[in-house]
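Dear colleague,

I am handing over the structure we spoke about, together with the notes I made while going through it. Please have the sequence and the coordinates open beside this message as you read.

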Amino acid sequence: MPRASIDRAVDAQLDQQSERFVDMRIDLVAERNSAVIITAGGVWDTRTKRYVGESEMSRIFRAHEGQIPAAEWFATWLEAHLRGEELYELGQPMTDVLFLGGRRGGKSNLAIALLNTYLVAAPRRIGWIVLPTFEDRPEIDRELDEALPRTWYRAVGDPLFVRYLANGSEMYIKSSFDPETLKRGRADIVIVNEAQKHKVDVYGTVLPAIADKGGLVIMTANPPKNARGEWVAELVEKARAQRVNTRIFTFDPKLNPHVKRNILASLKGKLDDRTYRREVEGEFLPRTDAVFHAYSSEFNLEPVPDGPGITVSFLRRKLNVDAACLHGMDFQKDPHMVAASLRFFEDPEDPGGDPLVWIFDEVLIEQGLEDDLVDALEAHGHTGADAVVADASGEWQDAERTKGRSSWDVLRRRGWRKLFMPDEMSKRNPPIMERIAVGNSLLKSADGKRKLRIDPRCIHTARSVRLWENRNGAPNRRSEHAHIADCWTYPAYRLFPRRSGRGGIEYARVERARSDRQRDLEAF
Ligand SMILES: Nc1ncnc2c1ncn2[C@@H]1O[C@H](COP(=O)(O)OP(=O)(O)OP(=O)(O)O)[C@@H](O)[C@H]1O
Ligand SMILES: [Mg+2]
């Protein structure tokens, strides 16, 4: 239907119902004490097409405790937006926000309330609700039907799914099943519901749609359970690393009084542990085939405290060296040279026990050599006064696998002389499975302690810990993530070796005759 006749049709319908003026106001208030967070709209004059005064009647949306922080942030964004300004963070205008959490926290409910508030506050604007498929519509239709008084809009159904509001704003329901449909037209506000179920290009496709008027994309998501939703986990990781200014709000279902919380809690006994943690607690879990299955971005990813902590005393005790920082290094030109920088902190939950091990910096150089690695570390402010636990094979070959030229010699020549082998008892690298076992036990020990923390700025390390996968039952050595895992598990193994205790099973290493090439394959 052409625009002009739609206008006439909507006007005609609304005229029939309500004469010239429509009370069109939304108040978003805190359920707890009715404090007003946003008030939008007023008396809409269908003839002059503007708000002409305060409306006494208001559609009130009550936000529960779990929704308040996101609602308040949106109020700030909206205020700036209606003034024609943008909110800036990390030097960039804010364009998108992610509502995250376990099931039933009130993410979709708030997102729709904010969309309606926006479309009422700003006449003649366009809002989209983007669903993974049209089969997901009934839930959203129900929320929408409850959200707005029937007299405020006219719905045009199949195949348009549009609601034309009396104030000229339009709300479209779309599906990303065919992403091409998202490339048509502009929008001022877009809700991407259940973001983890969309194809990855939904994010890239809807962001340009809001560029015209500096609008906002609001995504709601549960932690993804399969590869399709992996981009949400990546976005969260980048946002926590402050690489993108996507704002994240976590919705706790336990704060939503509109669902039966005792039933949610009772699911603990009915669902398997992974499903419960993902769906109810909203935890991002590593994939089931993850090498570092003990990793959790909720608990192992955390900004590093200031200062060196107890690094100096810890390293003196463990390695008999004076250093305020320890680097793990792995040497190979192809695909990359990598280093991870570690510091150690007293564990407040385990005073006197093993310290917290914090990976707080990283360097990754594609197609690099030893000098490039040292240059990059020094550019980050590190020096040869720091200690290093490095790939043991670097003692007899370099990054280009040239025998007789040694990576360790390059380090020594550059003044990095506090070098240690990953295995105190051997000149060879400890077996990969043993290093992984140490890594997993630091990520989460059998008694639930999480000693290893990764600063979110270490984006390569965090990503590799999350994504490195087993293939056919063994860690995939061809994965791009394998070398990064090497560089931090060398120091981890050196400091926290897992040796079979007295009386336990013991095993000796038996050297077999083999070619150098085979030796390489095992060592790397
Ligand atoms: N402020 C509120 N007022 C009234 N009902 C609410 C409110 N917040 C949430 N609800 C209700 O609680 C239920 C769960 O909310 P919602 O569907 O928004 O959760 P969600 O976080 O999107 O969950 P899911 O992850 O399952 O999609 C819904 O029935 C919703 O209508
Ligand atoms: Mg939802």
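This is a predicted model: local features need pLDDT of at least 70, side-chain atom pairs count only at pLDDT 80 or more; totals for chains, interfaces and linings use all residues.

**The ligand site**

I began with ligand 1, which is surrounded by 19 residues, the closest of them being R62, R103, K107, N109 and N222. Sorted by class, this shell is made up of ten polar, seven charged and two nonpolar residues. Three elements, namely β4 (59-63), α3 (107-121) and α4 (137-147), each contribute at least two residues to the shell, and it is α3 that gives the most, with three residues.

Oxygen atoms of the ligand take part in several polar contacts with the protein. A polar atom in the side chain of K107 lies 2.7 Å from an oxygen atom of ligand 1, while at N109 it is a backbone N or O atom that lies 2.7 Å from a ligand oxygen. R104 also contributes through its backbone, where a polar atom is 2.8 Å from an oxygen atom of ligand 1. On its own, ligand 1 has 620 Å² of accessible area, and the protein covers 86% of that area.

**Aromatic pairs and charges over rings**

The count of aromatic pairs in the model comes to 13. In one of them, the ring centres of F99 and F249 are 6.4 Å apart and the planes stand at 80°, which is over the 60 degrees required, so this pair is classed as edge-to-face. Because F99 belongs to strand β7 (residues 96-101) and F249 to strand β14 (residues 247-251), the pair ties together parts of the chain that are 150 residues apart in sequence. Both F99 and F249 are buried, and together with W73 and F251 they form one aromatic cluster.

A second pair, F314 and F344, has ring centres 4.7 Å apart and planes at 40°, so the arrangement is tilted. F314 and F344 are both buried.

The charged end of K174 sits over the ring of W128, at 4.2 Å from the ring centre, and the charged end of R453 sits over the ring of W358, at 5.9 Å from its centre.

**Two further residues**

R25, which lies in strand β1 (residues 21-30), has a side chain that makes a polar contact of 2.7 Å with the side chain of D27. A polar atom of the R25 side chain also lies 2.6 Å from the backbone oxygen of S55.

V438 is found in helix α12 (residues 432-443). With a relative accessible area of 1%, which is under the 20% limit, V438 counts as buried. The C-alpha atom of V438 is separated by 9.7 Å from that of Y490, although the two residues are 52 residues apart along the chain.

With best regards

Conventions:
Residues are numbered from 1 along each chain as its sequence is written. Chains are lettered from A and ligands numbered from 1 in the order in which they are written. Side-chain values use heavy atoms; hydrogens and water are left out. A residue is near a molecule or strand if one of its heavy atoms lies within 4 Å of it. A polar contact is a pair of N or O atoms within 3.5 Å; within protein, one must be able to donate a hydrogen and the other to accept it, and residues adjacent in sequence count only if both atoms are side-chain atoms. Accessible areas come from the Shrake-Rupley method with a 1.4 Å probe; for residues, only the protein chains shown count as cover. Helices (H or I, at least four residues) and strands (E, at least two) are DSSP runs, numbered from the N terminus. Ala, Val, Leu, Ile, Met, Phe, Trp, Tyr, Cys and Pro count as nonpolar, Asp, Glu, Lys and Arg as charged, and the others, Gly among them, as polar. Rings of Phe, Tyr and Trp (its six-membered ring) pair if their centres lie within 6.5 Å; planes under 30 degrees apart count as stacked, over 60 as edge-to-face and the rest as tilted. Buried means under 20% relative accessible area, exposed over 50%, partly exposed in between (1.4 Å probe, protein chains only). A charge sits over a ring if NZ of Lys or CZ of Arg is within 6 Å of the ring centre and within 35 degrees of the ring normal.
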